[in-house]
Amino acid sequence: MRSLAVALSLALACATAHAPLVPPQRLNPLPSRQRDTQAGFFLQPAGLAEDYPEEADPVAKMRRDIAVLQRAGIRYLRFGIGWDSVESQPGIYDWSVWDSLFKVLGDAGIFPLPYVCYTPRWLHPEDPKDFWRLPAEPGRFASFMAAAVARYRDQARSWELWNEPDNDYYWRGTVEQYAGLVKAGAEAVRRADPTARVVLGGMSKMRSPFLEDLLRRFGLGSEVDVVNLHGYLETWDGARAEEYPARIEAVAELVGEKAPRADLWLAEFGYGDWRERDGRPSRWSYAVHDYEHTAAFQAVALFRAHVLALASQRLSLTTWYRIDDLPNKEAATGSNKHLGIVDVHGNPKPAFHALRLYQDLFVRPVRPADVQVRGGREAVVHVFEAVSGELIVAAWLRSSPQSGNPGGRARDTRQETVAVRLPVGAGAELTAFDVETGQPIRTGAALDGPLLTNVRLRGGSIFVARIVPARPQR
């Protein structure tokens with residue numbers, strides 16, 4: 001028996017020595033709150049989202065946009081790859097536009113976050129108008145996904161399957177048909193790149209019967225690695241901005257039950273600086289005060305929305321839509337032309353500086369700090385702490401609900417003063433910032449030991465400050 005055991009050991013050793021080496025599986029570098037959180041600290045990146053219609057010869061625009069991302073310190077870009085344009089004839093692919101974008105992104109060190117849509121005309125020749133949003137044969141979609149992932153395997157680390165399938169503007173099929181598309185597409189992605197993350201097409205309604213059916217009836221929780229949400233509160237949706245955390249939490253509870261290994265993204269959210277003639281930002285939303293949907297307040301709204309997304313403690317990544325405003329000649333509707341952080345000429349708007357400031361303050365792991373707030377019935381206060389002990393404070397007066405005219409331009413006379421007890425000792429240094437410029441400003445707020453006092457809040461503005469603890473004396 002002993003001789004047999006020795007012989008088996010020698011045989012196993014020889015077999016192991018001559019076995020081909022299996023390369024270790026690549027770690028997907030995209031952030032995951034489930035994987036990367038340590039002691040509550042997590043770096044939740046902020047990205048940007050943009051469109052590049054192939055028929056508009058977008059390569060020059062791509063280069064301009066990358067320059068904007070670099071100036072803003074952004075390293076993630078979400079964009080759509082048009083199946084209908086790349087494969088305009090069955091089995092014949094034109095990747096030239098996307099080869100250009102992936103090269104520019106790679107040279108700049110920016111992570112691409114592609115989503116793939118829409119249906120080619122040749123699959124629905126009977127409908128020359130709506131062919132692009134009609135359901136496609138899952139096998140055809142899988143073949144395209146396999147080709148796309150194989151081509152960009154070493155560059156794209158995630159693949160989102162369609163855009164807003166719960167919105168009948170982009171998907172005219174059923175929930176079941178979309179579920180079939182996802183299952184086929186996810187399998188194709190994993191075969192071509194086992195380490196890539198499969199992303200469920202962005203849910204424009206967040207938690208809805210559509211998403212419930214996908215996860216409960218059709219079991220897509222086991223097919224995807226990321227559930228993506230979209231939100232345009234106060235622009236395309238009448239809900240107030242402070243509802244972001246509750247909306248996100250509602251989806252997180254469903255995902256935790258039916259897709260427990262999946263991360264959550266808010267990979268398209270925005271706020272427009274434009275109104276219809278009746279004063280509303282869109283027919284689905286409303287305005288109350290005169291400063292709403294102006295370029296200045298867009299900066300406040302951007303910073304505020306990012307803080308609320310971070311405060312949810314549920315997201316792994318966000319991307320703001322979009323980079324630039326659209327010229328009037330573009331076919332986009334209303335507020336969609338006025339969501340950019342730069343104007344039609346590429347000049348930075350106040351929102352650009354707000355995003356740059358947010359990136360400067362939060363480009364590191366943070367977690368919510370344990371604080372006590374005094375005063376302020378309508379004040380919203382969020383404080384985050386970094387590993388270094390630095391604190392970032394953001395405070396504002398919550399958005400007002402509709403009262404009367406949905407295109408209101410009322411003057412906001414609200415003012416409140418709050419104090420915040422912070423986890424910081426004596427000698428800390430306070431720096432306040434103007435989100436419209438990103439520059440430090442003077443403030444009446446002051447630190448008295450751990451107490452931040454005299455934080456004055458008024459409608460249409462936001463208080464943002466960084467607090468650096470005193471260095472310990474040697």
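Q: What should I know about the model before starting?
A: It's predicted, so local features need pLDDT of at least 70 and side-chain atom pairs count only at pLDDT 80 or more, while totals for chains, interfaces and linings use all residues. Residues are numbered from 1 along each chain as its sequence is written, and side-chain values use heavy atoms, with hydrogens and water left out.

Q: Which residues of helix 3 are buried?
A: General idea first: an α-helix has 3.6 residues a turn, so residues three or four places apart point the same way. Here helices (H or I, at least four residues) and strands (E, at least two) are DSSP runs, numbered from the N terminus. Buried means under 20% relative accessible area, exposed over 50%, and partly exposed in between (1.4 Å probe, protein chains only). In helix 3, K61, M62, D65, I66, V68, L69 and A72 are buried. Seen down the helix 3 axis, they fall within an arc of 160° (taken from the directions from the axis to the C-beta atoms), so they line one face. R63 and R64, on the other side, are exposed.

Q: What covers that buried face of helix 3?
A: With contact meaning heavy atoms within 4.5 Å, the cover includes strand 1 (46-49), strand 2 (76-82), helix 5 (96-108) and helix 11 (350-362).

Q: How many residues line the second largest pocket?
A: Rolling a probe the size of a water molecule over the atoms shows where empty space is left. A pocket, on a 1 Å grid over the protein atoms alone with a 1.4 Å probe, is an open set of points with protein on both sides within 12 Å along at least five of seven lines; lining residues have an atom within 4 Å of a point. The second largest pocket is lined by 23 residues, with I441, R456, R458, S461 and I462 nearest its centre. Strand 19 gives the most to this lining, four residues.
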